[in-house]
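Opening the notebook on this one.

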Amino acid sequence: MKPVYLIPALLVALGALSGCATHESQQQLEDAAMTFQSISEVPQILQDAPKDVMRAGESLERAKRFAGYWGSAEDVIHYAYLSKRYSEIARQHSEQLQNQRRATQLSMELERLRQAVQEARMLDMQHQGRWLEDQMVSLAAAETDRGLVMTLGDVLFRAASAELGASANRTLLKVVHFLQLNPKRRVRIEGYTDNRGDAAENLALSKARAQTVGDFMQSLGIDAGRIEVVGYGEQYRVAENASARGRAQNRRVEVLFSDEQGRLSSPR
């Protein structure tokens with residue numbers, strides 16, 4: 001909408017007015033005209049509050065007619081007042097809409113930044129997770145038909161005991177760190193022994209060792225719901241028990257990792 005009132009022209013017109021207009025009413029009319037022109041020259045206000053601008057213009061036009069020849073001074077003042085009020089409302093309405101737009105843009109920008117930060121964190125976590133997974137595979141983990149399996153040798157425990165030795169901490173800390181970076185992953189901790197001694201005692205020892213590993217993970221913040229513990233005793237040997245070396249291989253704890261969605265293979 002283009003401005004239709006020009007102050008110089010209006011002042012000339014007002015100067016020619018006669019009839020019932022008073023000095024006060026003419027002053028009010030001039031004020032209304034200046035106020036209206038100040039908003040009608042702003043494209044943003046015309047775009048945001050076209051109805052209010054239109055009402056301001058119509059009221060001003062009425063005030064001019066009343067001032068011209070057949071209205072009273074009260075009518076002039078009344079419509080001049082209405083014109084100024086509509087002009088002020090139009091300005092306020094436009095400012096309100098602009099504030100809302102700025103708030104919306106700010107909110108969108110904050111959301112974009114939040115997502116960018118989250119994506120950066122996810123990429124970093126995935127990078128670290130892959131690095132750790134590579135490290136685990138290179139150290140002691142192996143892909144099997146049951147999934148990724150990490151074997152903790154007998155040397156991590158004190159002899160014939162479920163108590164962890166000092167050398168176990170470094171290895172288990174890597175496992176815990178891996179689980180922290182992969183919160184959907186779960187583990188099944190399986191204990192095994194050789195065949196020397198009482199089978200029932202071996203079964204109890206295998207489960208106790210697996211439970212010790214599970215307790216260690218929980219003590220470092222891994223939720224118990226992500227950990228399964230099972231003891232198999234003398235079952236599922238990986239070497240002959242006839243030699244000391246074979247028996248050492250059979251005395252072990254295996255940590256079976258789930259896939260990225262937390263799915264573990266079925267227990268043996």
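I started at Phe257, which is buried with a relative accessible area of 3% (buried is under 20%, exposed over 50%, partly exposed in between, with a 1.4 Å probe and protein chains only). This is a predicted model, so I kept in mind that local features need pLDDT of at least 70 and side-chain atom pairs pLDDT 80 or more, while totals for chains, interfaces and linings use all residues. Numbering runs from 1 along each chain as its sequence is written, and side-chain values use heavy atoms, leaving out hydrogens and water.

**Strand β5.** Next I looked up the strand around Phe257: β5 covers residues 252-257, and six of its six residues are buried. (Helices are DSSP runs of H or I with at least four residues, strands are E runs with at least two, numbered from the N terminus.) Arg252, Glu254 and Leu256 point one way, Val253, Val255 and Phe257 the other.

Which strands pair with β5? I found β2 (residues 147-153), antiparallel to β5 and joined by six bridges, and β3 (residues 187-192), also antiparallel over six bridges. (Pairing takes at least two DSSP bridges between the strands.) Phe257 has Leu148 opposite it and also Val187.

**Ring pairs.** I searched the whole structure and got four aromatic pairs. (Rings of Phe, Tyr and Trp, the latter by its six-membered ring, pair with centres within 6.5 Å; planes under 30 degrees apart are stacked, over 60 edge-to-face, the rest tilted.) One of them is Phe178 with Phe257, edge-to-face at 5.5 Å centre to centre and 85 degrees between the planes. That pair links helix α6 to strand β5, 79 residues apart in the chain. I checked Phe178 too: buried, at 0%.

Then I took Tyr192 and Tyr232: their planes are at 25 degrees and their centres 5.4 Å apart, so this pair is stacked. Tyr192 is in β3 and Tyr232 in the loop between β4 (227-231) and α8 (244-250), 40 residues apart. Both tyrosines are buried, and ring pairs bring Tyr236 into a cluster with them.

**Helix α6.** I checked its length. The 14 residues (168-181) should span 20 Å at 1.5 Å a residue, and the end C-alpha atoms are 20 Å apart, which agrees. (The expected span is 1.5 Å times one less than the number of residues.) Its buried residues include Leu172, Val175 and Phe178.
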